[in-house]
Amino acid sequence: MAKLAFVIPAYNEQALIGQCVESVLKEVKRSGADVEIVVVNNASTDRTKEIAQSYEGVTVVDETKKGLVHARHAGFEATTAELVANIDSDTMVPEGWITTVLTEFERNPKLVALSGPYIYYDLSAWNRFLVRLFYYVSYFVYLIAKLFRVGAMIQGGNFVLKRAAWLQAGGFDTSIAFYGEDTDVAVRMSKVGPVKWTFRLPMLTSGRRLEKEGVVRTGATYVLNFFWVTFVGRPKTKEYTDIRPH
């Protein structure tokens, strides 16, 4: 049985799914790890499925219920590995990512979830600075949350779950459409065991949502839903916009 699995939800991502899968395959080859790769074709109407199927070693599963959490759940169900990495179709896995993941879980056998920040490769220098500032503030909040044991922090699109612990936590809450899904994972996993967020596990990703909606507005939406999920138990924001490159 593979040690690590990648789950990649994809809805109409023909423009970016190729570079995402290629980055995973490159990192798997570099690390020499035994890895499963599952792309979840989430009701796509473009060539996403066709492109993903063209890569050797990649399994494509269909999830006709559109939605990020539905797709993550379908991907989890299609894997068998002890550790399940959840990334997004507009991300690129950097060199050393798999090694960092395996090292962290080997170093702390009680660890149930691991996550790190995004690096937005296509944002302006100013916006990247604002994102970095946001992460520093978020990390401080994460440390306070850990101190008072009221939750944890996970970056959606860059987190790894231990299978047995996630099953114990109840699995994905498919009533959540988009915002708050990562915080829901963090809160419930923190009740099962240690959840770690580290700057040593960065993930490259597109800043298309931040560019379209604005860094401050997007950051504020995530903060709002972080606190709502942590203290109320459900996200405040129900609607979201699909943003795809032309």
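This report walks through the sheets, a helix packing, a salt bridge and a surface patch of a predicted model.

Residues are numbered from 1 along each chain as its sequence is written. Because the model is predicted, local features need pLDDT of at least 70, side-chain atom pairs count only at pLDDT 80 or more, totals for chains, interfaces and linings use all residues, and side-chain values use heavy atoms, with hydrogens and water left out.

**The sheets**

Let us start with the strands (DSSP runs of E, at least two residues; helices are runs of H or I, at least four residues, and both are numbered from the N terminus). Two strands pair if DSSP finds at least two bridges between them. Here are the two open sheets:

Strand β2 (residues 35-41) runs parallel to β3, joined by 5 bridges, and Val-38 has Thr-59 of β3 as its bridge partner. Between β2 and β3 the chain passes through helix α2 (residues 48-53) in a right-handed β-α-β crossover; with the strands pointing away from the viewer, the path from the first strand over the helix to the second runs clockwise.

**Charges and surface**

The whole structure holds 12 salt bridges, each a side-chain nitrogen of Lys or Arg within 4 Å of a carboxyl oxygen of Asp or Glu. Glu-27 and Arg-30 form a salt bridge at 2.8 Å, N to O; both lie in helix α1 (residues 17-31), 3 residues apart.

Trp-126, Phe-129, Leu-133 and Val-137 make a nonpolar surface patch of about 440 Å², and Val-137 sits in helix α5 (residues 125-148). Patch residues have over 30% relative accessible area and no salt bridge, with like charges joined within 9 Å and nonpolar side chains (Val, Leu, Ile, Met, Phe, Trp, Tyr) within 5 Å. Accessible areas come from the Shrake-Rupley method with a 1.4 Å probe, and for residues only the protein chains shown count as cover.
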